[in-house]
Amino acid sequence: HRALSLLSKEPDTITWIDAFQAPFVFWDVGAYVGAYTLYAALDPQSTVIAFEPAAASYAALAENIRVNGMDERIDAYSIALSGATKAGHLNMQNVNAASVSHAFDALATSTGEAITPTFRQAVIGYSADDFLSMFQVPPPNYLKIDVDSIEVEILSGARKILRRPELKGVLVEAEGSEERVNEIRSLVLAGGFEEVSAPGAGNMIFTCKPPP
């Protein structure tokens with residue numbers, strides 16, 4: 001289903017990825033089974049770093065990377081990005097691969113819907129800034145965040161990355177209250193970006209401001 005709906009489910013995400021300037025480094029936060037991870041990695045000059053903490057989705061992601069022969073371009077990590085670096089739990093309503101509405105150390109989705117966990121998976125979480133500084137990974141040129149829950153916390157933990165000159169574009173799936181959407185917007189705009197997505201769009205897309 002994820003493969004068959006790749007080009008139609010979120011056409012704005014596909015258009016965004018198609019406009020990446022190669023060579024590029026793409027961080028896919030909330031990669032699930034890897035649809036957009038793999039699509040971005042079709043570019044031979046791509047480097048993709050994918051983050052997916054849910055065990056079944058990560059297993060599918062890793063297998064999809066293997067069967068597509070993309071392990072030279074994609075590094076996938078079974079960790080959570082968060083607002084802080086800590087050991088915590090991924091609260092899961094469903095444990096199947098590609099299931100959604102999980103939250104790392106939180107009990108509500110992006111829309112405020114309460115999560116009643118059927119399973120609490122122990123997960124190591126990192127702020128994006130800590131992950132970049134602690135490990136030998138390339139910083140992103142493009143950053144996608146789609147986690148259905150803690151987008152604000154992830155952006156709060158990526159304040160330094162958002163100000164790095166290498167970062168050219170950000171896409172955040174934005175659902176929930178106007179207050180929450182505005183908080184996401186403020187965090188990204190503070191990094192020197194401007195919003196280019198249409199008002200009310202499901203995905204908020206930002207590009208770096210041109211130099212004065």
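Helices, in runs of at least four residues, and strands, in runs of at least two, are taken from DSSP and numbered from the N terminus. On this basis the chain, which is a predicted model, holds 8 helices and 11 strands. The radius of gyration of the chain is 16 Å, close to the 17 Å that the globule rule gives for 212 residues, so the chain is as compact as a globular protein of that length. Along the principal axes, the C-alpha atoms occupy a box of roughly 50 × 40 × 35 Å.

Of the 212 residues in the chain, 50% are buried. The accessible surface amounts to about 10,000 Å², and carbon and sulfur atoms account for 54% of that surface. The contacts within the chain were also examined by separation in sequence. Among those between residues at least 6 apart, 66% link residues that are at least 24 apart.

One sheet can be described strand by strand. Strands of a sheet pair through backbone hydrogen bonds, either parallel or antiparallel. Here, 4 strands make up an open sheet with mixed pairing, in the order β4-β7-β5-β6. Strands β4 (80-82) and β6 are the edge strands, each pairing on one side only. Strand β5 (residues 86-92) runs antiparallel to strand β7 (residues 119-127), and 7 bridges join the two. Within this pair, G88 is placed opposite V123 of β7, and H89 is placed opposite A122 of β7. Strand β5 also pairs with strand β6 (residues 103-104), again in the antiparallel sense, over 2 bridges. In that pairing N91 stands opposite A103 of β6.

V172 is located in strand β9 (residues 169-173). The relative accessibility of V172 is 0%. Residues under 20% relative accessible area are classed as buried, and V172 therefore counts as buried. When neighbours within four places in sequence are left aside, V172 is in contact with I145, E151, L155, I184, G202, N203 and M204. The separation between V172 and I161 is 11 residues in sequence, and their C-alpha atoms are 15 Å apart in space.

How values were computed:
Residues numbered from 1 in each chain as written. Predicted model: local features only at pLDDT ≥ 70, side-chain atom pairs only at ≥ 80, totals over all residues. Heavy atoms only, no water. Rg over C-alpha atoms; globule rule 2.2 N^0.38 Å. Buried < 20%, exposed > 50% of the residue type's maximum accessible area, 1.4 Å probe, protein only. Contact = heavy atoms within 4.5 Å. Areas by Shrake-Rupley, 256 points an atom, 1.4 Å probe, with all protein chains shown as cover. Pairing = 2+ DSSP bridges.
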